[in-house]
Amino acid sequence: MKLKTLALLCSMLYVTSIQAQNALPASSQPTVFTMSSGTERTAEQLAMVFEKADLSLKLDPETRSIQGTALLVFSAKSELKRLALELDKNLPVEAVSINGVVLAADAISNAEGRLLLILPKPLKTGEKAEVSIRYQGVPRIAKRAPWDGGFVWTKTPTGEPWIASAVQGEGCDLFWPCIDHPMGKPKLMNVHITVPAPLVVAGNGVAQGMDEKEGWRTYHWQTKNPSTYGIAINVGPYESLESEYQSRFGNRIPLRMWYLPANKEKAQGLMAEFAPMLDFFESKFGPYPFGDEKMGVVETPHLGMEHQTINAYGNDYIKSAHGYDWLLQHEFAHEWFGNQLTNENWDDFWLHEGFGSYMQPLYLQYLRGERDYQVALHEQRIRIVNKFPMVTGHSMSEHDVSNGPGNDVYFKGSNLLHTLRGLIGDEAFFKAVRLLVYGRNDPKPGNFSPRYSTSKEFIQIVNQVTKKDWNWFFKGYLTHARLPEVLEQREGNVLHLKWKLPDDSEFPLPLQVRVNDKIVNLAMTHGVGKVSLPPNATYTVDPGARVLKHEPHLEVWAADAAARAKARAKAK
């Protein structure tokens, strides 16, 4: 959710003022490898199944340090002689044992952040390795979370410690030994966080109780199939609100909100938005994926992040002009698009962010009607940059995407989905998305599990549902930096239209033209079409803003806006 848009910049002053309270220096800079989440997995990682993780962390706000013990269980799909994990080298490993055997120092290496462990004896196919890793240190401090990942150690307005993690771009290895790849999820994870009393820990999944001893509290949480960067640390003097949602699928979903005590009334107002959002998603797509755990939100000292079942929220309880909290809705969308459905590789990140971003206009259509739907789409449309293709076809890290298509995976992805929906119709569109998210068209609580997918699979699903070939459509939008362009030429009383792509391939996307007060539908066979114009006729191409296309006036506007912003910055 690393948005860099004007909408987010409005919250920057708040975030900066909170983080300015960080007085101690950050730890040494992690390696380039550690700071890049989603590097291709090693042969060892591909040869093992991540069965279980049990993570114990003790957080010391005074020294901004952590002490950790990770108990990890892997099963071998083929013979293994060593294990490969990821852990920031600035968190020194103190001891490792595998199946009860303590490893010698020369069996452990972690020069660049890839933790290699030589097994005491080779692991045969089907055998399990129970790995215990004890480590400690000062985790990376985020300079500007969530855009710059790491820990936030700060204080609440009333002076209590307020701690959070946000590591989407940099990955789980900033604070625990993991497989830092979208497909590195453990099947089950227990997390035990120890903090000074009377602080509270809001965690992923289901609460398993709290122990208190000698001035320290340990909170226990358990979650299934957690997104790797979705495992989060949230610590503060929290109070909480509890409720339930009666799902249209028959189950009751726990609702939880952790907030700073001074914000109780605001938190109650935010929580009032939970049920309408749940009903929207369940009515459009299917069951809330983690209904047997909870829908959880926690107030954080950074803007936000889609941490599975415990979404980080730092929007200061501000509703948009549309009358809803856009940040709450965007992060909640990721429970479906990011946590239930996870991209196999960051190259398909638009499956998280394009779908997640389209949920805001779609929700407004459900909540407010057509005007707000179109306005929200246009607010996103003007932020499309078109400098890089959204999908390259090869492995990418999260940083590759951030430094490449960046915001386009959000906003071009969203407008692409708007175009697709109008093209194939609501029935086919929502069926295709349902199959993408759940792997089946009849999802019910208990009959689906979190899944991985790719752009290729989504295209195949759309083709299957519609019984047509839409490869040309996705190729036109996903694999070119520049948007498809409509060339117009008027010859007498005939308007000629032609789609143009950077590679000159055919793009037979239908268009509407308004001629005076009449709508003309053009099939645009082979990417070309024509319409007769009566004498003195006026016309508008795509009068209903149904399709995403190159629009020169928006590029002029964006260039002017950038120049003005640069001039203002220089004047300061």
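Let me start with helix α12. Its buried residues are Ser-455, Phe-458, Ile-459, Ile-461, Val-462, Asn-463, Val-465 and Thr-466. Keep in mind that this is a predicted model.

What do these buried residues pack against? Four helices: α7 (350-367), α10 (408-424), α11 and α13 (471-478). An α-helix has 3.6 residues a turn, so positions three or four apart point the same way.

Now the geometry. α12 spans residues 455-466, twelve in number. From first C-alpha to last, α12 reaches 17 Å. That is close to the 16 Å expected at 1.5 Å a residue. Just after α12 comes Lys-467, with a positive phi of about 60 degrees.

On to the core. The largest nonpolar core holds 160 residues. Leu-59, Trp-176, Trp-350 and Phe-474 have the most contacts inside it. Which helix gives the most to this core? Helix α11, residues 426-438, with nine residues.

Take Leu-59. Leaving aside residues up to four places away in sequence, Leu-59 touches, among others, Phe-151, Trp-153 and Trp-216. Its contacts also include Ile-193, Thr-194, Val-195 and Pro-196.

Last, a sheet. It is open, has three strands, and runs in the order β3-β7-β6 with antiparallel pairing. β3 (80-86) and β6 (108-109) stand at the edges. Each has a single partner strand, so one side of each lacks a neighbour in the sheet. Between β3 and β7, residues 114-123, the antiparallel pairing covers six bridges. There, Leu-85 stands opposite Leu-115 of β7.

Note on methods
Residues numbered from 1 in each chain as written. Predicted model: local features only at pLDDT ≥ 70, side-chain atom pairs only at ≥ 80, totals over all residues. Heavy atoms only, no water. Core = buried A, V, L, I, M, F, W, Y, C linked by side-chain atoms within 4.5 Å. Buried < 20%, exposed > 50% of the residue type's maximum accessible area, 1.4 Å probe, protein only. Helix = DSSP H or I, 4+ residues; strand = E, 2+ residues; numbered from the N terminus. Contact = heavy atoms within 4.5 Å. Pairing = 2+ DSSP bridges. Expected span 1.5 Å × (residues − 1).
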